[in-house]
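User: I would like to go through a two-chain structure with you. Could you take my questions as they come?

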Amino acid sequence: MLDGTDLIYAYDGSFEGLMCCVFESYQRKEIPSVIRPPSVQETLFDTAKWIETDEQKADRVYNSIPMKISPQAQEFVKLGFLTCDPHKEMLIFRFLRLGFKHGGKVMMMLTDDTVCSLQKAVRHLTSESHKFKGFVRFSVYGEVLIAVIEPKNYVLPLLSPHFCDRYRNERFMIYDKTHGMALIFQSQKAELIFVEELTLPDVDSAELEYRRLWKQFYKTIAIEGRNNPRCRMTFMPKRYWSQMTEFDEIVGLAQWQVAETGAKEPQTSLCTLDARSTYKISPDYKVTKKDLFHV
Amino acid sequence: MIIDVYNKLTVLSDSAKYDVACTSSGVDRKGKFGSIGSAAKAGICHSFSADGRCISLLKVLMTNVCIFDCKYCVNRVSNDIERVAFTPHELAELTINFYRRNYIEGLFLSSGVIKSPNHTTEQLIKALELLRSVYHFNGYIHVKAIPGADSELITRLGLLADRMSINIELPSQESLTLLAPNKTKESILRPMGLITAKIQENCTDLVKYRHASKFVPAGQSTQLIVGATPDTDHKILTLTEGLYKKYHLKRVFFSAYMPVAENSLLPSMDTKPPLLREHRLYQADWLLRFYGFEAKELLDEQNPNFNLQVDPKCNWALNHLEKFPLEINKAPFEMLLRVPGIGVTSAQRILMARRNSPIDFSGLKKIGVVLKRAQYFITCKGKIMDGLKVTSDGTIRALMADQYKLPSPYPEQLSFFNEPFITREDVQQCLTGQI
Ligand code: SF4
């Protein structure tokens, strides 16, 4: 079991941690066969090598990407980390090794397995996030808009600029149920926070009325003689339907409360990644009734 | 009151649904403080209806009252149906409330002709002014220009909208005279020309004065009905090409005719809409816009209609076998685009990848080329694909034909969301296709 080819790295699941894995590999001149985030269970005879996250090492790797490879490669790697590819760590790792060897032209090596797979994963992410720009459904609670989504990838960081720009004068929250995260926008400030649970209040009659109007419009606008459920399914697979108003027959949800957060240790931390782009995360941010709502 | 709106919405969206233009593309606009909304150049689909079409805009008529009597239209004056009208206020409330909930990307407002074309246009202006200046709506608006309205009114309307369209519907004057007695080629093409001129004028104005207001920044489009008249595909496609060239239209939409009235001049009520034909026209339109084809290469007087078995690009390739096989590692971009199974993105990727190292068949597959189709037309490093037997073009025809069954969008389509100039929404719009 323990021959050198089975080297396993274990890291804390953060983007910086992954950068440290790259650092370690170069320093020790070794290539791991697996890089494991905390969310993956270790096996019985596991002898993974724990890679400590160190800001400085991470920065050195991260900052060398635009210089030694290209700024696009840096962007690409950041996106790669947001994907749901189960092997994203190894893909990013191998991509960076290739990049440090070949320089900027790695982005053109489209027939290489690593580059091709990572591109596929990133395309899945960007196409999913593009879909959600349209498929997100807000409900109006008083003066606040709240939406729930169940994406496969970490789409919130990609959705943030779009919705924050569009709804400048609104206060809103998009809750990503899959990853237990929420994008909160209020007083011109966007934040990504961890949310363990979200229970929504009852909606008022105006909200119900607009849902009814929308459902009616949705039904009416289809041309019967062109019915084509297969085509609809291709563009809008069923997995999106559960949170979309036009498919929701049960209106009126249970008692509401936004669960206190911060207690739960994040499985995959996006903090570092987001500090480098435009979002701020404070993992111990608490959503309280007062924060989000005027009551 | 809201019950009333419910009924109006039902009637006025039901009569608007035959307009197939549903895109919200063509303009990027940032949000503004104090306003609600923005616009995305690629367009955004907010849902897909049961017929598989993209829902992007709240598509409604201001009113379904109409003094005209176009035979193919449900709203024609001679049709005995319930007539209603939105007030500008109702329409604005509905738009804003749908928009806030992210149901829609904006409004697509059309109207029957009430009293006169000018009066109708004034109503549309009133509604849009309310939405833009009182409700501070900064999202997408597509508005219909009414045939026969004054230039001055059309200009005012255009300053409030992102896109304007005026539907030609019938591809020839003869068909118009027969089926749309109140419209003439002139009454349609004049406003279309006016819009084109205004857009160009506006471009220079914007350079001169930075704050000149924008006149339909997302351009204009039109729609042609397919199958209501005996007009051939050749006629339709040539007209389409002319519209792109002469009027710089952003899009020409095709709408398979759905029988809505028993009339000896029209196909009978039990006629199925010619969906496959519509699909072929969209594919050909794609070839004109993005693949460098000309209408005369695809159809002529001898072959005035598309082959329903084979898509237009494949059909062209089969008729020009002398140009193939093409060496993937050498062929110029324009020729790569002509290979069935290679789309715009794959062609670009081929150029990129081969700069790096020569490409073989497995590489092509990774790039996203549909080898099932492309294999007959290409070589990689001088070799044809392993195990490929080409006996006669009859075989090829047989091999290719069964791959084109409507209306499943090609799998290839979905992997092409990163097209630089083909907008995503375009791709998602059912019944168009990368070919
Ligand atoms: S003018 Fe328009 S709404 Fe009126 S009948 Fe003709 S197509 Fe229909």
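Analyst: The conversation below goes through the chains, their sheets and their cysteines.

User: Before anything else, what kind of model is this, and how is it numbered?

Analyst: This is a predicted model, in which local features need pLDDT of at least 70, side-chain atom pairs count only at pLDDT 80 or more, and totals for chains, interfaces and linings use all residues. Residues are numbered from 1 along each chain as its sequence is written, chains are lettered from A and ligands numbered from 1 in the order in which they are written, and side-chain values use heavy atoms, with hydrogens and water left out.

User: How many helices and strands are there in chain A?

Analyst: Chain A has 10 helices and 11 strands. Helices (H or I, at least four residues) and strands (E, at least two) are DSSP runs, numbered from the N terminus.

User: And what is the count for chain B?

Analyst: Chain B comes to 17 helices and 10 strands.

User: What about contacts between residues at least 24 apart in chain A?

Analyst: Among contacts in chain A between residues at least 6 apart in sequence, 71% join residues at least 24 apart. A contact means heavy atoms within 4.5 Å. In chain B, residues 24 or more positions apart account for 68% of the contacts with a separation of 6 or more.

User: Let us turn to the sheets. In what order do the strands of the open sheet of 6 strands in chain B run?

Analyst: The order is S3-S4-S5-S6-S7-S8 in chain B, with parallel pairing. Its edge strands are S3(B), residues 57-61, and S8(B), each of which pairs on one side only. Neighbouring strands of this sheet are turned by 20° against each other on average, direction ignored. Two strands pair if DSSP finds at least two bridges between them.

User: What joins S7(B) to S8(B)?

Analyst: S7(B), residues 220-226, is joined to S8(B) by 6 bridges, and the two run parallel. Ile225(B) stands opposite Ser255(B) in S8(B). Together with helix H7(B), residues 233-247, S7(B) and S8(B) make a right-handed β-α-β unit. Right-handed here means that, with the strands pointing away from the viewer, the path from the first strand over the helix to the second runs clockwise.

User: Which helix lies across S7 and S8 of chain B?

Analyst: Helix H8(B), residues 275-290, lies across them, running at about 170° to S8(B). Axes are lines fitted to C-alpha atoms, for helices over the stretch in contact, and angles run from 0 to 180 degrees between N-to-C directions.

User: Back to chain A: what is the order of its open sheet of 3 strands?

Analyst: The order is S2-S1-S3, with parallel pairing. S2(A), 34-36, and S3(A), 49-50, stand at the edges with a single partner strand each, so one side of each is left without a neighbour in the sheet. S1(A), residues 8-10, pairs with S2(A) over 3 bridges, and Tyr9(A) has Ile35(A) as its bridge partner in S2(A). Helix H1(A), residues 15-28, lies across S1, S2 and S3 of chain A at about 140° to S1(A).

User: Finally, how many disulfides are there over all chains?

Analyst: There is 1 disulfide (a pair of cysteine sulfur atoms within 2.5 Å) over all chains. The disulfide joins Cys45(B) to Cys54(B), with S to S at 2.4 Å. The link is left-handed, with -110° about the S-S bond.

User: Are those two cysteines buried or exposed?

Analyst: Cys45(B) is buried, with a relative accessible area of 4%, and Cys54(B) counts as buried at 5%. Cys314(B) is in no disulfide, and the nearest cysteine sulfur, that of Cys380(B), is 18 Å away. Cys314(B) counts as buried at 0% relative accessibility.

Notes. Buried < 20%, exposed > 50% of the residue type's maximum accessible area, 1.4 Å probe, protein only.
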